[in-house]
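Please read the points alongside the sequence and the coordinates.

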There are 2 protein chains.
Amino acid sequence: MGAGAVGLFGARSARAAQAAAPGAGAGAGIGPGPYAVEGMAAYSATQPLRLLKFERRALGPKDVAIQLHYCGICHSDIHHGREHWRQEPFPLVPGHELAGVVVAVGSSASRFKVGDRVGVGCMVNSCRHCSMCNVGLEQYCENGATFTYGSKDRDGTLTQGGYSTLNVVDEDFVIRVPDAIDLADAGPLMCAGITVYSPLRRWSVGPGKRVGVVGLGGLGHMAVKIAKAMGAEVTVLTTSPDKVADALRFGARDVIVNPDSADLSRHKRSLDFILDTAPYKHKLDRLFTLLKQDATFCMVGAGKVSEPYEIGPFSLLAARNSYASSQIGGIRETQELVDFCALHGIRPETSRIAMNEISAAWDRVVDKKARYRYVVDMKA
Amino acid sequence: MGAGAVGLFGARSARAAQAAAPGAGAGAGIGPGPYAVEGMAAYSATQPLRLLKFERRALGPKDVAIQLHYCGICHSDIHHGREHWRQEPFPLVPGHELAGVVVAVGSSASRFKVGDRVGVGCMVNSCRHCSMCNVGLEQYCENGATFTYGSKDRDGTLTQGGYSTLNVVDEDFVIRVPDAIDLADAGPLMCAGITVYSPLRRWSVGPGKRVGVVGLGGLGHMAVKIAKAMGAEVTVLTTSPDKVADALRFGARDVIVNPDSADLSRHKRSLDFILDTAPYKHKLDRLFTLLKQDATFCMVGAGKVSEPYEIGPFSLLAARNSYASSQIGGIRETQELVDFCALHGIRPETSRIAMNEISAAWDRVVDKKARYRYVVDMKA
């Protein structure tokens, strides 16, 4: 897909591309910007997304411009768009599972060249000098990572996300997509994939370990595949009876349907680790009974801030368990996850949709109808 | 104190002792029982404690009979007595911080002899063969530890606790009190001491570590002394401004008063571990901001079951923290804690009261007036 196709909406796309890169050829990349871009934005917490035309900054020395081909839809996009977490700076273009092709490279950027297949996840910058950044934990940057949308960028502008035609990103926050991974499958690795991979690594999931995965959605289905590839035995806990066959197909050895009411006694103290990917508040105390002595339950599916999780005074005490949480992963670790997926042939289960279908897709995600990740196709 | 003084209430005591040990001399111990005992029992969740006369079983081969001199008052006694945790089998004699002297020894008991100074904590038995018992974690016995009161004992009777004149306990669940520790100080080590020592060890508190202790009560003040002796720097968080001087005297380096409203920014991400000893639900999210990256917050102060703790979806995620809980400690570890206190000259701060003052003491504990552990003196 050449520079001439930057943009989404037919004639408007072409105009946008021309504005962005007058005279640039496909092989040589496009000009240094600034770039006229089109995206789908939330304008309030209640309205459907609508078109937003905006500008991406001109290439800085270490920036690359990425023509976006695909962007995954994460439940976090919905939490942001519907203001479940905070007041948002509308209009806001969500999307933090970006996949595309490099179309321009800054003067001192050295890691990528025009034509490279790349992805971008939840972060586009961090302070680079704190103790967290120094060890590759940019997501925990002590001075605050710059998130892909809704953050204040270095130049004071608001970052806008991947439901758009092009982005300009510091190359240090760009992930290389190996040839073995279809670009349409790359986006969901950048958030869903790394968000589950990082805690599975942190809590030493591997051969001989028994892992529970709560929620079989965008994150959960990746967690099953990744934990299985790591050598673990996976038990899925889902509220959707019609996902059982899929869970087994993804590699689960066991499935517990409706864990709120199911008889869990057979599974008591059987799991070395539980990863909870459900994006809304739900009951936790029963689930803790599945943990072995001293084992950890890690929540990665952040719910509404107005609905804190509840933990009974004895539910962790009974076997000295821990309830933890984890946030995406660092840049190096994200590259590691992408390479791991390439090596093990792991891909997300996706449904491609067009830009104007995003709002409908959000509704289906909330209704647990996604199977398992919607990916916006900028060309559709 | 010889066998003739077994019991508490003057003439009644003498009668009880005679019933328990007809003709037994002080040096030779008393007879094999069964033993007539007097205790202070809760008869309902709302009434003051009242005298209960009951019988302890005859010595089994591995049992020892312990004439109780002292028993600490733990907030858990109040939670049980007031049915904050479950329906209780009234009449119930609370007390799981027992200290006394061995007055009779079963035929094959070998670890103790008459006259030995001993303590008993929260457990008096466990299954002895599960994976937890096998590694000295009897408190997490997979078949259910037998707790010192309110549990079904091996013989089907209800266990009754340490607010009483004598107990019969399997010697494997009896702790030796070193000479360096006054018997009046030994009781609070058996629950308060081990409950804080075990997680401090589990989460590797030691030199160079900065530890927060939430709540400066029976458990909290022991946590400060023990963590200090382990080499850590201790920060106390308390709702009682008048405890600041004590906190520093016990070894704290810093005190934060009213953590719910205090400016915590100075302490942000400063602590390697937090031990929360407050026995009722309180706000946690602000406290998590004090934890360093990947650090653990351990709750040992179990509140009412009707009031689960609340954790916001981002409060642990921000620095990949864990919220854990821990329950007393195993028998070997309890002996280790007692020996540690002897070695380091650590003693609880106690106020001695008589048996008939227990109900009043409970009220003062709830009102945060205890400084810092009430100890029932069976002779008073």
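1. A polar contact is here a pair of N or O atoms within 3.5 Å; within protein, one of the two must be able to donate a hydrogen and the other to accept it. By that rule, seven residue pairs are in polar contact across the interface of chain B and chain A, with both residues of each pair at pLDDT 80 or more. The side of chain B that touches chain A consists, by class, of 18 nonpolar, nine polar and five charged residues. The model is a predicted one.

2. Chain A and chain B each bring 32 residues to the contact. Together they bury about 2900 Å², and carbon and sulfur atoms account for 63% of that area. Of the area that chain B buries against chain A, 23% comes from Pro313(B), Leu317(B) and Arg320(B), more than from any other three residues.

3. Strand β15 (residues 309-311) of chain A and β15(B) run antiparallel and are joined by three bridges. Within this pairing, Tyr309(B) in β15(B) stands opposite Ile311(A).

4. Two salt bridges cross the interface of chain B and chain A. One contact of this kind is between the side chains of Arg202(B) and Asp294(A), at 3.3 Å from N to O. Because Arg202(B) lies in helix α4 of chain B and Asp294(A) in strand β14 (residues 291-299) of chain A, the pair joins two chains. Both residues are partly exposed: Arg202(B) has 31% relative accessibility, and Asp294(A) has a relative accessible area of 24%.

5. Over all chains, the salt-bridge count is 52. In one of these, the closest N and O atoms of Arg57(A) and Asp153(A) are 2.9 Å apart. The two residues are 96 residues apart and belong to distant parts of the chain, with Arg57(A) in the loop between β2 (50-56) and β3 (63-72) of chain A and Asp153(A) in the loop between β7 (146-147) and β8 (166-170) of chain A. Arg57(A) is partly exposed at 23% relative accessible area, whereas Asp153(A), at 13%, counts as buried.

6. In chain B, Arg249(B) and Glu349(B) form a salt bridge whose closest N and O atoms are 3.7 Å apart. This pair also links distant parts of the chain, 100 residues apart: Arg249(B) is in helix α6 (residues 244-250) of chain B, and Glu349(B) is in the loop between α8 (331-344) and β17 (350-353) of chain B. Arg249(B) is exposed at 54% relative accessibility, while Glu349(B) is buried at 16%.

7. Finally, a network of salt bridges links Lys62(A), Arg128(A), Asp170(A), Glu171(A) and Asp172(A).

Conventions. Residues numbered from 1 in each chain as written. Chains lettered and ligands numbered in written order. Predicted model: local features only at pLDDT ≥ 70, side-chain atom pairs only at ≥ 80, totals over all residues. Heavy atoms only, no water. Contact = heavy atoms within 4.5 Å. Buried area = accessible area lost by both parts, 1.4 Å probe. Salt bridge = Lys/Arg side-chain N within 4 Å of Asp/Glu carboxyl O. Polar contact = N/O pair within 3.5 Å; in protein donor to acceptor, adjacent residues only side chain to side chain. Nonpolar A, V, L, I, M, F, W, Y, C, P; charged D, E, K, R; others polar. Pairing = 2+ DSSP bridges. Helix = DSSP H or I, 4+ residues; strand = E, 2+ residues; numbered from the N terminus. Buried < 20%, exposed > 50% of the residue type's maximum accessible area, 1.4 Å probe, protein only.
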